[in-house]
Protein chains: 2
Amino acid sequence: MLFHEGDSAESVFNLTSGSIKIYKLLPDGRRQITGFLMPGDFLGLAAKSAYSYSAEASTAVEACRFPRSRLDALFGQFPQLEHRLFQIANDELVLAQDQMLLLGRKSAGEKIASFLVRLAERQESRGGEPDHLALTMTRGDIADYLGLTIETVSRTMSQFKKQGLISQKSLTEIELIDRDQMMDRAES
Amino acid sequence: MLFHEGDSAESVFNLTSGSIKIYKLLPDGRRQITGFLMPGDFLGLAAKSAYSYSAEASTAVEACRFPRSRLDALFGQFPQLEHRLFQIANDELVLAQDQMLLLGRKSAGEKIASFLVRLAERQESRGGEPDHLALTMTRGDIADYLGLTIETVSRTMSQFKKQGLISQKSLTEIELIDRDQMMDRAES
DNA sequence: CGACTATTTGAAACGATTCAAACCCGGTGG
DNA sequence: CCACCGGGTTTGAATCGTTTCAAATAGTCG
């Protein structure tokens, strides 16, 4: 675990290798994962005095740590740095709104399809195989990201397998077989 | 309607009076409202070339319109303006994550309770009566904001009324009677 | 007052969850 | 080398919360 919701937000990180999940918890333990970070992503930017979410490594992780005070000084020196981070925050906001649509209005099948397609696009944009997905998260993580239970995630993926939409080499290796039909299921 | 998802994003607005809802639609018409804007709020900031959501007035509205090109020029001139907008974007991101937790993990009762409490806090922070809520949105809007149906919103509020948590002077006027117990139901 | 729309309420249906058990797989020690 | 363990995963059956469909009621505006 990297830090917890409520911890004083002294640092901003830039992930250089590995993968991180950020999430919020309810008092009774229910969890909502709000994002999976990949190398290049920033962590802790939105925080003011305290982090508003918890962050936990999914794999071994390397990151660049900046004291928040230093960052503020850099903003004064290099306005285009702040400009870039502003863009990044806006991009995240757009993604967050997509995720709200997913959480509030999509069925389990649509959620899983959207998730797999987005993961494929993300991997493609970093130069990976477009249809060969390497999942860095467990079924439980996927469930808590999509607002489902582990069982529903598992069942839905089994169904997709039976329908020939995906195939599964191992627990963490998924292949998208019919991406177009997958995007239809995603409804967006 | 002010603009539609996909429209070219020529303007940024600052709402001066009235209230606006922003939302995303699925091809089949399902709708997710991602925010209700109140005077002082910005609209269209996150957009790059095209708006990523639609915006619609809930009441009569007055707003300040900036051409996007002008705004970019202002950033060069007044770096602290961009700094302020960066802060605002970060605050919105924090709210968006709260909303994801709500949509993904809260029950209908918890959603409605959270919604009413947040509305009360928002109104309080603008100097209104803390327990006397003036709803600017319909039951349908509330449903599409919370990922519920109109009927569930209505039923849940009736239940709260029966339990003495709220009282209803008219359709748009709600009074929070037991705010503490309300916050307990909100689970956050 | 009458017509139209939004809201409330009720009953049935459905999708996702819960609870339970079986399975798979990598790691450990006999 | 293989039996065993423990975690995560898959599958099944029953249950539950929310939705859907339908009808009644309340509210708004001409």
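In this predicted model, a polar side-chain atom of E151(A) lies 3.0 Å from a base nitrogen of DNA strand C, a polar contact in the sense of a pair of N or O atoms within 3.5 Å.

DNA strand C is surrounded by 18 residues, the closest being A108(A), T152(A), R155(A), R155(B) and S158(B), where a residue is near the strand if one of its heavy atoms lies within 4 Å of it. Of the atoms of DNA strand C that come within 4 Å of the protein, 61% belong to sugar and phosphate. At least two residues of this surface are supplied by each of α5 (150–162) of chain A, α4 (139–146) of chain B and α5 (150–162) of chain B, helices being DSSP runs (H or I, at least four residues) numbered from the N terminus. The largest share, five residues, comes from α5(B).

Within chain A, the axes of α3 (residues 108–125) and α4 (residues 139–146) come within 11 Å and cross at roughly 110 degrees, the axes being lines fitted to C-alpha atoms over the stretch in contact, with angles running from 0 to 180 degrees between N-to-C directions. α3(A) is therefore roughly perpendicular to α4(A), a term covering 65 to 115 degrees.

Residues are numbered from 1 along each chain as its sequence is written, and chains are lettered from A in the order in which they are written. Local features need pLDDT of at least 70, side-chain atom pairs count only at pLDDT 80 or more, and totals for chains, interfaces and linings use all residues, while side-chain values use heavy atoms, with hydrogens and water left out.

Key: A polar contact is a pair of N or O atoms within 3.5 Å; within protein, one must be able to donate a hydrogen and the other to accept it, and residues adjacent in sequence count only if both atoms are side-chain atoms. Angles under 35 degrees count as roughly parallel, over 145 as roughly antiparallel, 65 to 115 as roughly perpendicular and the rest as oblique.
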